[in-house]
Amino acid sequence: MANIVLVGAQWGDEGKGKIIDVLTGTSQIVVRSQGGNNAGHTIVHGGHKYVLHLIPSGILRPGKVCVIGNGVVIDPVALVKEIEGLRSQGIPVEKNLLISDCAHLVLPYHRLIDERREQLKGSQKLGTTKRGIGPAYGDKAARTGLRMSDLMQPTVFSAKLKARIKENNQILGTFGTKPISFRQVETAYLQAAETLRPFVINTVVYLHNALAARKKILFEGAQGTFLDLDHGTYPYVTSSNTTAGGACTGSGVPPHRVEEVMGVMKAYTTRVGEGPFPSENQTITDMLHGMGREFGATTGRARRCGWFDAVATHFATMVNGIDSLAVTNLDGLDTVERIKICVAYKLDGATVDVPPSDHQAFARCEPVYEEMPGWLVPTDKARRYEDLPVAARRYLQRLCKLTGAKLGIVSVGPRRSQTILV
Ligand code: GDP
Ligand code: IMO
Ligand code: MG
């Protein structure tokens, strides 16, 4: 097994959590390197469903080390809740969780500013998860953020927090939002700090020692390529680099130690939140929602659904350097007679085969489709590639050809066992 960076090749929720849980079987360490608790990674195993927001999806496997890297933004109170939730489900984290001392903190004013900005935007809103992610990364870039190392020193933390709350209360005041109580935040955060203290270390040094000891690392991407702050459908994006490069800056592991990039994509496309989505389709949306599928793991919002967009995934292969693909949710198309694939866009009368950089142009793109026959039999019991119907195999091969990477994994259900290693 190589050191693998696993990225979402679409708009998030591709099934990264499930694939990480599968791949962790043959790795020793799983690292989250960007995003925060805007992520919701679902694992279904042993009759239980686990939704992880900040803790890497390797946590269900005893003996694997899960690292929250320096590039992640952490809401300490939410993280403690997540740890307690896992403990109550019989998953201990004591021996296998590590948290970077450089990770930035999400504070209550970040959440309030996130929410208020969305309200003020009205119909132009981004549809954020309201977890304070944008304002927290904003503070990081503006060098006004607080980090895990600050939280580990109560006196230092309190002094910095006081100053930050003073400034942010002024901002909240101009928004017409009630001021935040310094004491309340201080108490809640210092309490969370004591639960988190045993896990906080210099994770960069830990990872380099692990590499020297030839341990294998899996980098668990959060969100997806088109939510990347630089390469996504800006401004309808999240505030971190969700593409492969983010794994290096967000963990301190250099690029040449990454041996493979795997892209996860659904056999169709989904998006939650606002922004361009050329292959969005109401029939597919209704069908998947009717099956009880495609409701957000973090906010519960109904996801927008559409046909597979090969223009988007081809770009994702380029920008991430994707070597192999994990195609999930193939079973979602089991009942579709004629399956469409978006192979180009029509933009202002011209045909284009790359997503426009400008979101307004992107929003004007009309999908150009090719069609393939469906397989019309259940695939959820397939365990080998040969078990899949011929039409499904043809569809998968077509997705890979158009996307430009080889097929590595096919997922035909949410459970660990419902996975085909090609
Ligand atoms: P992530 O954010 O990329 O980890 O994906 P989410 O967990 O937010 O959303 C993926 C959803 O699809 C979850 O409900 C998974 O349990 C589910 N899932 C993943 N792979 C498959 C699959 O192959 N078939 C089915 N039916 N569900 C899947
Ligand atoms: P996982 O890791 C899908 C979307 C939000 C919104 C935009 C900005 O589970 O794939 P933010 O709260 O980050 O400022 O919201 O990004 N978004 C996601 N969509 N999956 C996610 O994570 C997401 N994380 C953020 O819906 O459109
Ligand atoms: Mg998700």
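Proline 92 sits in the loop that runs between helix H2 (76-88) and E7, where helices (H or I, at least four residues) and strands (E, at least two) are DSSP runs numbered from the N terminus. At 52% relative accessibility, proline 92 counts as exposed, a class that requires over 50% relative accessible area, with buried meaning under 20% and partly exposed in between (1.4 Å probe, protein chains only). Although 33 residues separate proline 92 from isoleucine 59 in sequence, their C-alpha atoms are 8.5 Å apart in space.

This is a predicted model, in which local features need pLDDT of at least 70 and side-chain atom pairs count only at pLDDT 80 or more, while totals for chains, interfaces and linings use all residues. Residues are numbered from 1 along each chain as its sequence is written, chains are lettered from A and ligands numbered from 1 in the order in which they are written, and side-chain values use heavy atoms, with hydrogens and water left out.

**Surroundings of ligand 2**

- The shell around ligand 2 holds 20 residues, the closest being Lys16, His41, Thr129, Gln223 and Thr238, and a residue is taken as near when one of its heavy atoms lies within 4 Å.
- By class, this shell has seven nonpolar, ten polar and three charged residues, where Ala, Val, Leu, Ile, Met, Phe, Trp, Tyr, Cys and Pro count as nonpolar, Asp, Glu, Lys and Arg as charged, and the others, Gly among them, as polar.
- Oxygen atoms of ligand 2 lie 2.7 Å from a side-chain N or O atom of lysine 16, 2.9 Å from a polar side-chain atom of asparagine 38 and 3.3 Å from a backbone N or O atom of glycine 127.
- Of the 550 Å² of accessible area that ligand 2 has on its own, the protein covers 97%, with areas taken from the Shrake-Rupley method and a 1.4 Å probe.

- In helix H8 (residues 203-212), the buried residues are Thr203, Leu207, Ala210 and Leu211.
- Seen down the axis of H8, these buried residues fall within an arc of 100°, so they line one face of the helix, the arc being that of the directions from the helix axis to the C-beta atoms.
- The exposed residues Asn209 and Ala212 are carried on the face of H8 turned away from its buried side.
- Cover for the buried residues of H8 includes strands E2 (29-32), E5 (65-68), E7 (97-100), E9 (200-201) and E10 (217-220), with contact meaning heavy atoms within 4.5 Å.
- At the start of H8, a side-chain oxygen of asparagine 202 comes within 3.1 Å of the backbone nitrogen of valine 204, whereas just after H8 arginine 214 takes a positive phi of about 60°.

**Backbone geometry in the loops**

- Most residues other than glycine have a negative phi, and most peptide bonds are trans.
- Aspartate 13, in the loop between strand E1 (4-8) and helix H1 (16-23), has a positive phi near 60°.
- Arginine 143, in the loop between helix H4 (133-142) and helix H5 (148-151), has a positive phi of about 65° and counts as exposed at 76% relative accessibility.
- Tyrosine 234 and proline 235 are joined by a cis peptide bond with omega of about 5°, and proline 235 belongs to the loop between E10 and helix H9 (245-249).

**Threonine 269**

- Threonine 269, in strand E12 (residues 269-271), counts as buried at 0% relative accessibility, and its side chain reaches the backbone nitrogen of aspartate 309 at 3.3 Å.

Notes: Polar contact = N/O pair within 3.5 Å; in protein donor to acceptor, adjacent residues only side chain to side chain.
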